[in-house]
Amino acid sequence: MLNIQLYIEGQEIDLYQDESITLTQSLQDVRDIEKVFTDFSRTFSVPASKINNKIFKHFYNYHIIGYDARKKKDAELYLNYKLFKKGKIKLEGATRRDNKVHTYRLTFYGNGINLKDLLGEDKLDALTMLKDDAFKFTYNDANIKTYMQNGLDITHSGVTYTDAIIFPLITHTKRLVYDSTVGSAYLNTDIQNNIAYEAGSEHGLELSQLKPALRIYPIIKAIEIQYGISFSTDFFNTTNLPFYNLYLWLHNKTGGLFEDEGNVTPVGNFNIVSVDGAVIDLYENYFSTPQSDQIGTAAGRKDRYLDVSIVPSVSDEFNFIIYKNGEVFERYDNISRDAQTGEYREIRELLLDVGDYTFAIESDIPSTYDIRFYVKRKATSGISWRNVSWTGSAEVLTDVQFRPANQLPDIKVLDFITSLFKMFNLTSFQNEQGIIEVKTLDSFYSSSTTTWDITEYLDKSESTVDSILPYKQVNLRYEGHDNFFSKNHSELFNQEWGTLQYKASEKFEGQSYTITIPLEHFKYERLEDINGGTFTDLQWGWSADIKQSPNLGKPLLFYPIQQDETIGVIEADGDLVSHTGVYIPSNSVSLSDSQNLNFNAEPNEFGLVPYTQTLFNNYYKNYVKGIFDPQRRLTNVKAFLPLSMITNLSLADKVRIFDNIYRINKITTNFETVQSNLELINIVEGETIEVEPVIPDKFIPANTCITVDTDTRYADITTLTADATCFYDNVIITSTSEVVPESVYPKN
């Protein structure tokens, strides 16, 4: 008999004896191939017993502040007191009968990580690690030229990120040309830069046309730190160059970096002054406050209030900004210190919502700022207060300080992660150690060599075999194609740059399925020397629309490639100097045929021939091609699987039915009837089943030879014999009248 036990945050839930709990496990569904699924149950009911009322804090009574049903709670599902699944429980609601609470309705979710719940609506600029002083640098000509040829190494919390920040050859406004002709007529104008170096000329690359880029590896690490998670190194590692070499262009508005904005300096260096009780979670440059009505201690259910006092070193006006989860929470503009006290003290008892809070000073005047913070909450009993106070500081320097967090594109953390998952066809699940394993779909399926034979457990009463293909075409594309060269490509060839439309050779009924990546996809241009018409080793990107006006577009990912080329650059004071070493942007990992960011095999902008190692060929082809295979079927069977198989089966495993091998698309198990419904996809190649032949005795000549002689009577002479042995060599069985049973299926 199979018994189920359910624990929520370590407390066992009372269950109905006859309640049917059905769990569905699926990794990636052929009918929705862009989504990553997690295990989940159908909603089931548990009794409103004393134990359950205590656990759910009498949720049915809204006068009681207790259980927060908006959040999933840690849960464990046991089968016969053996751990089966770790996951989350969501309280859907309660049911009354005769005006009394009767049941609670629950849904169990497996530990396939639900990133949407975890990341919420936070944007990239909410990542506090990227706001740390370790990531800042002085924005001046010398540093820009240095990071054009050698990236800035950044060390944070003992970890060094090599070439974390670079300046690629991507312009935000002006078009680039290259003409090495002495006395070239291609001078710098309002719309173009001739970047060929000629001493004494009036042309060259204006450094202000460039914006830096940030390697995405530290962004992944910042996400881990921010949300207390750990990704596996299966895909997110430093040796996987198609991932590790990716950079995010720091472009969040049209035009130059600091146009129409002040010099924003984060407040940091937090130091505790005094603490009286648990109030907030304080870190080096931010703090977190809990929700005022959250589940937990009474202290966690109290409102928090903030006081701020600022002591600037100068009397000039400045702006003070409070951010919550990366978004502006409050602004105090054009403020200054009091002439008598020397400080600004107008921020008092500001009510705080749940979230992560950071602070910044905005000023163009070199100055220092000492800030005192104070947060209080009501005590759990009585009328006293619990509080914490600390100090912080900020310094506005003469030179502009560049901080990546201020220039990150406007994209949610969830959308950024989703983009990577869609680009590389990644899947994720949380293992028993709590690590989120991130793998390509192909590597996930190849990680298991286990095949389970479920033939003897089949319910032979019913099975179905359906067509696996719900679509006639699969499209893979980027959302952003408004940049000049990509848009021009679409108009010239009536085909989006890098977009793939995969379909079978035959025409048939069905719909198109489109996977869209919420990123920009640039087409780059290799520069040709107008003087002689030969190609240089330079390639550039242009953030302009089809009208050649500055364009914002979607966030851009690219691969930088260092080229040892000499160009002319114009510094901030107007001086023209020679510069050697440039990071050119590329859609491919290297300038030879290598993995690239196109879905379709487009002609490479630098090599001018198609590079075939596309995202589709490397990460989607095996899966999608299998869907379109006319021999593929979606088989639905029912089986009464033993507990040992249920608890050990992985979605990466294969199953065998008679002499057929299948991959699991979905498995749904009812723990009351112990019956599982399996959606299976047949494997048509690459698998060999060795079956040992079984031959009935009657068909073995040695066992069926009929003799008429004996070993006591002899009728032979020395020349003629009648041997008693049976001669059956080379006997060929040509037919049989053996009766074959009507059913060869095993019984249930």
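Tutor: Let us begin with tyrosine 81, which is found in the loop between strand E6 (73-79) and strand E7 (82-97). Please keep in mind that this is a predicted model.

Student: Is tyrosine 81 called buried or exposed, and why?

Tutor: The relative accessible area of tyrosine 81 is 57%. The word exposed applies over 50%, so tyrosine 81 is exposed.

Student: What is to be noted about phi of tyrosine 81?

Tutor: Phi of tyrosine 81 is near 65°, a positive value in a residue other than glycine. Most residues other than glycine have a negative phi.

Student: Where does phenylalanine 658 lie, and what is its phi near?

Tutor: Phenylalanine 658 is in the loop between strand E42 (654-657) and strand E43 (660-670). Its phi is positive, near 55°.

Student: Why is phenylalanine 658 called partly exposed?

Tutor: Its relative accessibility is 34%. Buried requires a value under 20% and exposed a value over 50%, with partly exposed in between; therefore phenylalanine 658 counts as partly exposed.

Student: How do you know that glutamine 192 is buried?

Tutor: Glutamine 192, in strand E14 (residues 192-194), has a relative accessible area of 17%. The limit for buried is under 20%, so glutamine 192 is buried.

Student: Which residues does glutamine 192 touch?

Tutor: Not counting residues up to four places away in sequence, glutamine 192 touches Lys174, Arg175, Val177, Tyr186 and Leu187. A polar atom of its side chain lies 3.2 Å from the backbone oxygen of leucine 187.

Student: What makes threonine 24 a buried residue?

Tutor: Threonine 24 belongs to strand E3 (residues 22-25), and its relative accessibility is 6%. That value is under 20%, so threonine 24 counts as buried.

Student: What surrounds glutamate 224?

Tutor: Leaving aside its neighbours within four places in sequence, glutamate 224 is in contact with Ile229, Ser230 and Phe231. Its side chain also makes a polar contact of 3.2 Å with the side chain of lysine 221. Glutamate 224 and leucine 127 are 97 residues apart in sequence and 9.8 Å apart in space, C-alpha to C-alpha.

Student: How many aromatic pairs does the structure hold?

Tutor: The structure holds 41 aromatic pairs. One of them is formed by the rings of phenylalanine 484 and phenylalanine 485, with centres 5.2 Å apart and planes at 80°.

Student: Why is the pair of phenylalanine 484 and phenylalanine 485 called edge-to-face?

Tutor: Rings pair if their centres lie within 6.5 Å, and planes over 60 degrees apart count as edge-to-face. The centres are 5.2 Å apart and the planes are at 80°, so the pair is edge-to-face.

Student: Which residues of helix H9 are buried, and what do they pack against?

Tutor: In helix H9 (residues 484-493), the residues Phe484, Phe485, Ser486, His489 and Ser490 are buried. The buried residues of H9 pack against strand E13 (175-177), strand E37 (525-528) and strand E38 (535-542). Asparagine 494, with a positive phi near 55°, follows H9.

Student: What sits over the ring of phenylalanine 606?

Tutor: The charged end of arginine 526 sits there, 3.8 Å from the ring centre. The distance limit is within 6 Å, together with an angle condition. Lysine 72 likewise lies over the face of tyrosine 109, at 4.8 Å from the ring centre.

Student: What is the predictor's confidence in the chain?

Tutor: The average pLDDT is 86, and 85% of the residues score at least 70. Over residues 744-748, however, pLDDT stays under 50.

Technical notes: Residues are numbered from 1 along each chain as its sequence is written. Side-chain values use heavy atoms; hydrogens and water are left out. Helices (H or I, at least four residues) and strands (E, at least two) are DSSP runs, numbered from the N terminus. Buried means under 20% relative accessible area, exposed over 50%, partly exposed in between (1.4 Å probe, protein chains only). pLDDT is the predictor's confidence in each residue, from 0 to 100. Contact means heavy atoms within 4.5 Å. Rings of Phe, Tyr and Trp (its six-membered ring) pair if their centres lie within 6.5 Å; planes under 30 degrees apart count as stacked, over 60 as edge-to-face and the rest as tilted. A charge sits over a ring if NZ of Lys or CZ of Arg is within 6 Å of the ring centre and within 35 degrees of the ring normal. A polar contact is a pair of N or O atoms within 3.5 Å; within protein, one must be able to donate a hydrogen and the other to accept it, and residues adjacent in sequence count only if both atoms are side-chain atoms.
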